[in-house]
Amino acid sequence: IAVFCSASFEIDPKYNKVARDFVRAASLRGYGIVSGGTIKGTMGEISDELHACGGYHLGVIPRFMEQYVYPDLTEVIWTDTMAQRKTLLREGTCAVVALPGGIGTLDEVIETFALVHLKQYFGKIFLLNHDGFYEPLRQLLQHYVDTKMMSEATMAKVVFASDPEEIIDKLEEQGSDVLVRVCQGIEVTVKNRCLHRAVAPLAGNLNGRVTLWRMRQKLWLVAL
């Protein structure tokens with residue numbers, strides 16, 4: 001799951017709390033998290049939470065922000081530009097979740113929304129509308145619908161969720177998109193980073209030990 005969130009240290013603590021609640025709930029349900037990976041603001045808060053609960057956390061960070069990298073990420077991907085960062089944040093994810101955030105978060109959300117509309121991104125978009133934070137954006141999108149600038153069907157591609165569990169439950173309904181092809185082993189191509197959730201049922205059907213090699217969005221399972 002790609003997570004977009006604030007880098008500000010000055011926001012109301014309630015937004016950091018619900019951010020921590022979300023990543024912990026997602027991690028405990030088996031989802032990996034992809035974020036901006038820095039120590040700043042809510043990014044630092046969710047990094048602390050994922051480190052504390054042992055969750056998978058991939059940070060995608062421009063090189064000019066190297067001094068802000070969170071030290072205990074599971075993995076780091078370095079980029080040269082912010083545009084590359086946004087692309088790699090989404091790559092291979094089953095969903096993006098916008099926690100309460102500022103102009104950078106809004107930029108990430110709107111770009112992702114446009115890509116979904118153009119069928120260039122196939123994950124879900126969730127806005128964590130904690131305490132009505134995203135109501136002004138909902139009203140703006142409804143204004144686009146009312147003025148025929150956007151269809152109801154397009155607006156429906158964005159889900160406004162009131163709490164973390166609602167997001168996780170909707171993802172559970174969606175399930176994992178997995179392609180299995182038998183060749184010299186079992187090649188499992190996973191279109192999201194919910195890796196062990198997708199693979200576990202397959203591994204359980206194999207006799208003997210299973211070795212996993214993870215290369216980006218691809219796993220090889222070899223029965224030994």
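Lys17 and Asp21 form a salt bridge in which the closest N and O atoms are 3.0 Å apart, a salt bridge being a side-chain nitrogen of Lys or Arg within 4 Å of a carboxyl oxygen of Asp or Glu. Because the two residues are four places apart in helix H1 (residues 13-28), Lys17 and Asp21 are separated by about one helical turn; helices (H or I, at least four residues) and strands (E, at least two) are DSSP runs, numbered from the N terminus. An α-helix has 3.6 residues a turn, so residues three or four places apart point the same way. Lys17 counts as exposed at 53% relative accessibility, whereas Asp21 is partly exposed, with a relative accessible area of 35%; in these terms, buried means under 20% relative accessible area, exposed over 50%, and partly exposed in between (1.4 Å probe, protein chains only).

The model is predicted, so local features need pLDDT of at least 70 and side-chain atom pairs count only at pLDDT 80 or more, while totals for chains, interfaces and linings use all residues. Residues are numbered from 1 along each chain as its sequence is written, and side-chain values use heavy atoms, with hydrogens and water left out.

## Other salt bridges

A search of the whole structure finds 13 salt bridges. One of them joins the side chains of Arg63 and Asp80, at 3.7 Å from N to O. Arg63 lies in the loop between strand E3 (57-62) and strand E4 (75-79), and Asp80 in the loop between E4 and H3, so this pair ties together parts that are 17 residues apart in sequence. Arg63 counts as partly exposed at 48% relative accessibility, while Asp80 is exposed, with a relative accessible area of 54%.

Another salt bridge is formed by Lys86 and Glu111, whose closest N and O atoms are 2.9 Å apart. The pair links distant parts of the chain, with Lys86 in helix H3 and Glu111 in helix H4, 25 residues apart. Lys86 is buried, with a relative accessible area of 12%, and Glu111 is partly exposed, with a relative accessible area of 26%. Elsewhere, salt bridges that share partners join Arg20, Arg24, Glu45, Asp48 and Glu49 into one network.

## Packing of H3 against H4

Two packed helices are described by the angle between their axes and the distance between the axes. The axes of helix H3 (residues 82-90) and helix H4 (residues 103-117) come within 11 Å and cross at roughly 60°, the axes being lines fitted to C-alpha atoms, for helices over the stretch in contact, with angles that run from 0 to 180 degrees between N-to-C directions. That angle makes H3 oblique to H4, since angles under 35 degrees count as roughly parallel, over 145 as roughly antiparallel, 65 to 115 as roughly perpendicular and the rest as oblique.

On the H3 side the contact is made by Lys86, Leu89 and Arg90, and on the H4 side by Asp107, Glu108, Glu111, Thr112 and Leu115, where contact means heavy atoms within 4.5 Å. By class, this contact of H3 with H4 has two nonpolar, one polar and five charged residues (Ala, Val, Leu, Ile, Met, Phe, Trp, Tyr, Cys and Pro count as nonpolar, Asp, Glu, Lys and Arg as charged, and the others, Gly among them, as polar). In H3, Arg85, Lys86, Leu88, Leu89 and Arg90 are buried.

## Positive phi values

Most residues other than glycine have a negative phi, and most peptide bonds are trans. Just after H3, Gly92 takes a positive phi of about 75°. Lys119, in the loop between H4 and strand E6 (124-128), has a phi near 60°, a positive value in a residue other than glycine, and it counts as exposed at 57% relative accessibility. Asp131 has a positive phi of about 55° although it is not a glycine; it lies in the loop between E6 and helix H5 (135-146) and is exposed, with a relative accessible area of 55%.

Ser47, in helix H2 (residues 41-53), counts as buried at 1% relative accessibility. Leaving aside residues up to four places away in sequence, Ser47 touches Thr38, His57, Tyr70 and Leu73.

Val159 is found in strand E7 (residues 158-161) and counts as partly exposed at 22% relative accessibility. With residues up to four places away in sequence again not counted, Val159 touches Ile125, Phe126, Leu127 and Lys170. The C-alpha atoms of Val159 and Arg138, which are 21 residues apart along the chain, are separated by 9.9 Å.
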